[in-house]
Amino acid sequence: MMSKKMCNKILLSSASTLLATVMAVAQTPPGSAGSQQPNTPNQPTSPGMGNPGMDSGMANQQAMVDQSFVKKALEGGAMEVQLGQLAQQKSQSDDVKQFGEKMVQDHTQLGDQIKPIAQQLGVKEPKGPSKKDKELIAKLEGLSGQQFDEAYIQAMVKDHKQDLREFKDAAQTAQNPNVKQAAQQGAGVISQHLQMIQQIAQAHNVSIDGKEGKEGKEGKKTPSGMQ
């Protein structure tokens, strides 16, 4: 038979082995070998961790929008300058001539501000107005006197309304800070031009957007056949 002393020695040894095993398991860090972690292949991507290719594509698209605005602004400015010069030559009214002179000065300055930005963005400076604008210039070149004044005033009101919308939009959405700043400054100048030409239209009784000047409206109040 096994002696009592030998029995106690075996029990102590077994207890020590068990304790060592428990301590080893307790000290094993989570995620280490032997620790099973659930597979989560479809774990959603956290915000801000989107597809880098998609982000790059959106940035490139916005850059193209900035480039398009800059090119169009330069083309439009070139048209304003040419029509302003034409107004000084063909108009019979001092206020229209003065407005044309201001168009030459202001849009030349705006163009000088935008040209360096165009160079930074890799936009080639246009050689002149767009094809559509050239058609308008050719049309006005064939007019003179009162007919020229009326057509020029109508064209300036329409053009400055459109330009103001585009410049305000670029001032809010442009990605390039230089484009944004130029658009903000340009919008202020164009807004002043629009107010000026609308006042000139009213003074000359020129119909704009289906509306006539003050005297034109009063003239329509007279019944037919009565003077």
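I looked up helix α3 in this predicted model and found that α3 spans residues 94-120, with 27 residues reaching 40 Å from the first C-alpha to the last, close to the 39 Å expected (helices are DSSP runs of H or I of at least four residues, numbered from the N terminus; the expected span is 1.5 Å times one less than the number of residues). I noted a bend of about 25° at I114, with a proline, P116, following within four residues (the bend is the angle between axes fitted to the seven residues ending there and the seven starting there). After α3 comes G122, whose phi is positive, near 75°.

For the record, residues are numbered from 1 along each chain as its sequence is written. Local features need pLDDT of at least 70 and side-chain atom pairs count only at pLDDT 80 or more, while totals for chains, interfaces and linings use all residues, and side-chain values use heavy atoms, with hydrogens and water left out.

Next I listed the buried residues of α3, among them F99, M103, D106 and H107 (buried means under 20% relative accessible area, with a 1.4 Å probe and protein chains only). I then turned to H193, which is found in helix α6, residues 177-203, and is buried with a relative accessible area of 0%. Leaving aside neighbours within four places in sequence, I found H193 in contact with F99, K102, M103, D106, H107 and H160 (contact means heavy atoms within 4.5 Å).

Technical notes: Helix = DSSP H or I, 4+ residues; strand = E, 2+ residues; numbered from the N terminus. Buried < 20%, exposed > 50% of the residue type's maximum accessible area, 1.4 Å probe, protein only.
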